[in-house]
Amino acid sequence: MPTVSVKRDLLFKALGRTYTDEEFDELCFEFGLELDEITSEKEIISKEQGDKKAEGASDVVLYKIDVPANRYDLLCLEGLVRGLQVFKERIKAPLYKRVMPNGEIQKLIITEETAKIRPYAVAAVLRNIKFTKDRYDSFIELQEKLHQNICRKRALVAIGAHDLDSLSGPFTFTAKRPSDIKFKPLSKTKEYTACELMNIYKTDNHLKHYLHIIENKPLYPVIYDSNGVVLSMPPIINGNHSKITLNTRNVFIECTGTDFTKAKIVLDIIVTMFSEYCENQFTVEAAEVVFPNGKSYTFPELAYRKEMVRADLINKKVGIRETPENLAKLLTRMCLKSEVIGDGNQIEIEIPPTRADIIHACDIVEDAAIAYGYNNIQMTLPKTYTIANQFPLNKLTELLRHDMAAAGFTEALTFALCSQEDIADKLGVDISATKAVHISNPKTAEFQVARTTLLPGLLKTIAANRKMPLPLKLFEISDIVVKDSSRDVGARNYRHLCAVYYNKNPGFEIIHGLLDRIMQLLDVPPGEKKGGYVIKASEGPAFFPGRCAEVFARGQSIGKLGVLHPDVITKFELTMPCSSLEINIEPFL
Amino acid sequence: MADGPVADVLLRRLEAADGGLDSAELAAELGVEHQAVVGAVKSLQALGEIIEAELRSTKRWELTAEGEEIAREGSHEARVFRSVPPEGLAQSELMRLPSGKVGFSKAMSNKWIRVDKSAADGPRVFRVVDSMEDDVQRRLQLVRGGQAEKLAEKERSELRKRKLLTEVTLKTYWVSKGSAFSTSVSKQEAELSPEMISSGSWRDRPFKPYNFSARGVLPDSGHLHPLLKVRTQFRQIFLEMGFTEMPTDNFIESSFWNFDALFQPQQHPARDQHDTFFLQDPAEALQLPMDYVHRVKRTHSQGGYGSQGYKYTWKLDEARKNLLRTHTTAASARALYRLARKKPFTPIKYFSIDRVFRNETLDATHLAEFHQIEGVVADHGLTLGHLMGVLREFFTKLGITQLRFKPAYNPYTEPSMEVFSYHQGLKKWVEVGNSGLFRPEMLLPMGLPENVSVIAWGLSLERPTMIKYGINNIRELVGHKVNLQMVYDSPLCRLDAEPGPPQTQEAA
């Protein structure tokens, strides 16, 4: 969930009133926001770097507000204020307008070289804007929030904002060999080639995260003006030449990316938010983008879409009984201008360009419910009549684990993920013989594979509890995972029961007795007769030679029991003899 | 017969005594260890009101081992004096005597002897006086005779400095008759025996009282894991509410069932390598229900079922990628798909509690795997009000009655609501679960009828368990680093019962 940090006093000034922290928290809650933290720059620095560093930092109160991940229109102070003011019916939602320029339209021409790396671009102009320090900071911060969220860390979309008066169109969005791109980037004093820049930014804490997007590509995307001035090398850095300042009056905004839909949304969000500060409020000057196929489009789209939803559908989905007129009013409070039309039960809803999250009637239903107030909705129990059933495997597991504890064994709960070493080397088995499922992106060795046996987890549990009085008697009934090509995903779980006995003597007879008890509980008689169980001398690398037996029940091998091999005991950092039992319980369903 | 001969004698003496007697004096008179008398006192005390015993502590001077020797043999300086003959003795020879070194300097400072350093064969020691008084021996003998008070304070402290005397504190009992005094106390039986039962002798025997403040002996037993005890209770709650358990025994899932089927777009951050464990082997799902896959693909990329869709290029390869399921909702999606294929539609209530996996940064409350609890109801015409009603009943069974709901965003539910409950301890609202109505873009491609709504909610099993059992570090609860003592000691899980008093340091 993105967190937006705004200055409290600035926020209250824009809202036209003050709130106590509790009141504001309550307002956020109602609207689906969360006042996550009340802090200040000073407090943040002192928390992260110590009191010394924080000296002199601003102690202006900051509100950190959690915003739902799909509400890009609330990612800055301007949007938050607009949303809350409309919600509280203090203002009406503005109407965003695209206007054609008096003179020539700004053009961005995309060349076909971009196709393989970053094929889409959109653009717009904010004309006669007035920045202040706070507005400017918010403008930069919004771009950063969008980059981190909808833009997927600039992989899908990257934004560039430029001082239009320092440039001369038309602009060209092309792709070139890195060695052929040379410009002075933001906050540098000399020119570098793209290759040099990529090297420099490897140690830049902010930019290093974006390098991978183009790093290994033969051509890098780049935007020029008609004089060959570099506007930006998306998605890495803008040129210094067209840098916007507090004095910038005309802003050229370009968004390039690999996802056309998202590029358009991002552009719409930026211009709807900051056209507030244009001389003609909420108007945006169009720009033309010419694609390599010669087709030309005008941006920003700023499209208003009409949706029709029946009032009774909203009432039925939410569980309320409001008149269509009231529902229309509720929706209007959510920046969705609505009116009742037709037979008096139809509501026509206008979806503004700021609300790209509204893609289905259910999104409209939710907004009606939020405006109605979730906590005002009457709670009712559904009349759904059903008979409960347990999943048979879990039912058996529940029954067995209680009787395992009754037999004196204590239940462990170990991880399903572990290292290759745990299920292979430490048990004297080669990893290739385990049929284990392998994880491709483990951050540490603890998450290399899914366990194929419960034994390592229990032995590690004993190792972590060596101080406890002996004997230690542990069990676990849980799932292991193996590859199985007969399953749709190519792997399956098996429910295993594993028990270990750890003491000064191996206690094979105790583990054997436990098996006998389990079979008694499962109503499986001893003996080789059909339906019975036997254990037969066997061997396995994890067991001491001559102290291992295989368990056969209902005509199939279900597992092994025995005294663990001293090498196994040692590898798990244990010192005492230990015997174990591990069986698959699925044949007993 | 009382407990042993000493107790017997004690009772008889006490009968004759006027007022009472002192345990130490009795020991001295009887010539037994004081401890034996104390034992007798204690065993008589245990019988009830036979005697009364008042603990007194007295200080007494006693001789050290060296002091005893001197009281017997004389002080070192006296012994040195006596060993010097009238004709004198070579100093070197004198120094070899047992008392030589200590005695020589003392005898010198007492001016009993002198040294002639001019003697032909080395320094020689001669008597100065003809006889002397051995005060040290005399004083020590006084102390031995129990007359330490006859010595001056200064004399005692000098002897103590020489480590010949020590002051000891003696704890004695002043014993007097109790309200039920009798000389004929019989020995109490420790336990009832089969013989007593068969002979009936238990009727005439007194029994030793039990010490009820002592701890009992804990039974040898196995124990269930606290987290799984809580799991059992949650299963029970769902079953009581008529919910059927979904199969969840497949940790490995395809991206399709884990994400795509839930209308979670392919560029969603949850599908990032940083958040999800993907598989190297088997890297891809072998089979997908292709008809259904096509409907899902269309809904994502173009929309449909009343939806605008996400308008991006949906890739089958991305859907095939295998992973460790990141939520049990993947299993719910499979269950709903099975339900959708069964005609005609029948309403259901489903639940599951099982493991899910996240490739997350680990800390005191987050592990790479945890348990998710999920409830799902599918029926015609279900509303947000129904969801809230079911949640109220569910949380009431957990002992949570103060609820409120906050609008939220989940990719696959709309409307969505986070569930908050008021935490009495923290004095604030805390999130206890997440919920919503599944999106039509998820349900309709499965083939569920259009007027069927599906309400669902989820929460983690670990969090309520940690709160219930007062555990701060999740590693002490889940995984091999568990504290087994905690497992042994953990109480029953009764979710709706009032929490017990906070554990004191001692009990912990």
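Reader: What is the area buried between chain A and chain B, and what percentage do carbon and sulfur atoms give?

Author: In this predicted model, the area buried between chain A and chain B is about 8,500 Å². On the side of chain A, Phe29(A), Met379(A) and Leu413(A) supply 9% of what that chain buries against chain B, more than any other three residues. Of the area buried between the two chains, the share given by carbon and sulfur atoms is 57%.

Reader: How many residues of chain A are in contact with chain B, and how many of them are nonpolar?

Author: Contact involves 95 residues of chain A and 107 residues of chain B. By class, the side of chain A that touches chain B has 27 polar and 25 charged residues, and its nonpolar residues number 43.

Reader: Which residue of chain A forms a salt bridge with Arg334(B)?

Author: Between chain A and chain B there are 8 salt bridges. A salt bridge requires the nitrogen and oxygen to lie within 4 Å. For Arg334(B), the closest N and O atoms are 2.9 Å apart, and the partner is Asp488(A).

Reader: Which residue in E9(B) is the bridge partner of Ile439(A)?

Author: Strand E22 (residues 438-439) of chain A and strand E9 (residues 279-281) of chain B run antiparallel and are joined by 2 bridges. In E9(B), the partner of Ile439(A) is Leu279(B).

How values were computed. Residues numbered from 1 in each chain as written. Chains lettered and ligands numbered in written order. Predicted model: local features only at pLDDT ≥ 70, side-chain atom pairs only at ≥ 80, totals over all residues. Heavy atoms only, no water. Contact = heavy atoms within 4.5 Å. Buried area = accessible area lost by both parts, 1.4 Å probe. Salt bridge = Lys/Arg side-chain N within 4 Å of Asp/Glu carboxyl O. Nonpolar A, V, L, I, M, F, W, Y, C, P; charged D, E, K, R; others polar. Pairing = 2+ DSSP bridges. Helix = DSSP H or I, 4+ residues; strand = E, 2+ residues; numbered from the N terminus.
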